[in-house]
Amino acid sequence: MDFDSHFKSQLDALKAEGNYRVFADLERKRGAFPQAARHKDGRVEEVTVWCSNDYLTMGHHPDVVQAMVDTVQACGTGAGGTRNIGGNSVHHLELERELADLHGKERALLFTSGYISNWAALSTLGARIPNAVILSDEGNHASMIEGIRHSRADKALWRHNDWRDLDRKLKAVGDRPKIVAFESVYSMDGDVAPIREIVEVCEAHGALSYIDEVHAVGMYGPRGGGVTEERGLAHRIDLIEGTLGKAFGVVGGYITGSNNLCDYIRSFSSGFIFTTALPPAIAAAATASIRHLKGSSVERAAQKANVAKVRRLLDRAGIPHMANDSHIIPVMIGDPVKCRMISDILMADWGIYVQPINYPTVPKGTERLRITPGPNHSDADIDKLVTALTALWTRCAISHAVA
């Protein structure tokens, strides 16, 4: 087989469909974000970033930066190995205590990313609990899907955010051990799960409840504990999973739950056992970020105000965007080629960076720009974004929303 020709033909097909991903070469500048430097063809241009998952700009916060710098100076750059061999640090333990406290749980366990924490936890639970069945919301993230698949446990899908369908599926499973996996804020549509109803259904059927809060931690609740904290439900959920790489502005993932649950994952998950630990400096920076957001609502309030402002101006301009109760604004285009084209024009002509979201991240026909306003976007930034989108909507022959 001519492998290289096969690779090229598949890539060519992806490009023809408009689904080939092109990465922007960006350089974030501490203290200046959402402004960033774009490197292209030997030139450097300033752009405004509108699609970052550093939702609260905590990756630039002085306390977070200083914590990382101080810990690098004190401990060096790497962890030295897996947590078992040589990578267990006081900074990891301190961060895990901070995360357990954030969610009101007995214990937390760190991973190198939110993807790995989902994959490792779900694959371990499904594989090692005898005769288990995992009931997964059909809108769940790829990391959850891959973890469930790797577990080889029986799986049942329930309709997205439909707790009544979950109830029916749980009844059909019978007396087998049941794990219900779902998210709080879904990253592409920005919709929020009916968590209370889902938890009540889980409790009625004796199912273990597993929630992914990666797009909500830091963002919701009086201390940034996520939607589960905001709604007073964290104590009723068995496992809360989150990330350090979005609103907390660093990198890494984690789970929280009972002592026994976290120790079970720690002891049996290959995704934890055989992975080099996060560098201590990363752990220290994440701890500083979490502590700050536990005591400060300034960033959340400013971000929320900017989300409302962008939505209001988009409505006034007739730019179609998906309604939801979260901080994520999906501007719907519905065509992969036009989605890529608009993104390219925004960057080239307006200095606005919004990455197109195409298949397979979203279903074909639902291509979009995923806008995430931050607390530091200015009124001028917002006006420029809406003005640019308004101009491009007519130029690219995209339907306006009905006023």
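In strand E9 (residues 239-243), Ile240 is the bridge partner of Ile211. The model is a predicted one, in which local features require pLDDT of at least 70 and side-chain atom pairs count only at pLDDT 80 or more, while totals for chains, interfaces and linings use all residues. Residues are numbered from 1 along each chain as its sequence is written, and side-chain values use heavy atoms, with hydrogens and water left out. Strands (E, at least two residues) and helices (H or I, at least four) are DSSP runs numbered from the N terminus, and two strands are taken to pair if DSSP finds at least two bridges between them.

Strand E8 and strand E9 are parallel and are paired over three bridges. Strand E8 (residues 208-212) also runs parallel to strand E7 (residues 178-183), to which five bridges join it. Within this pairing, Leu208 of E8 lies opposite Ile179. From E7 the chain passes through helix H7 (residues 195-205) to E8 in a right-handed β-α-β crossover, that is, with the strands pointing away from the viewer, the path from the first strand over the helix to the second runs clockwise. E8 is mostly covered, with four of its five residues buried (under 20% relative accessible area, 1.4 Å probe, protein chains only).

A separate description applies to the open sheet of three strands, which has the order E11-E14-E13 and antiparallel pairing. Strands E11 (329-332) and E13 (356-357) are its edge strands, each pairing on one side only. Four bridges connect E11 with strand E14 (residues 368-371) in the antiparallel sense, and Ile329 stands opposite Ile371 in E14.

Definitions and conventions:
Buried means under 20% relative accessible area, exposed over 50%, partly exposed in between (1.4 Å probe, protein chains only).
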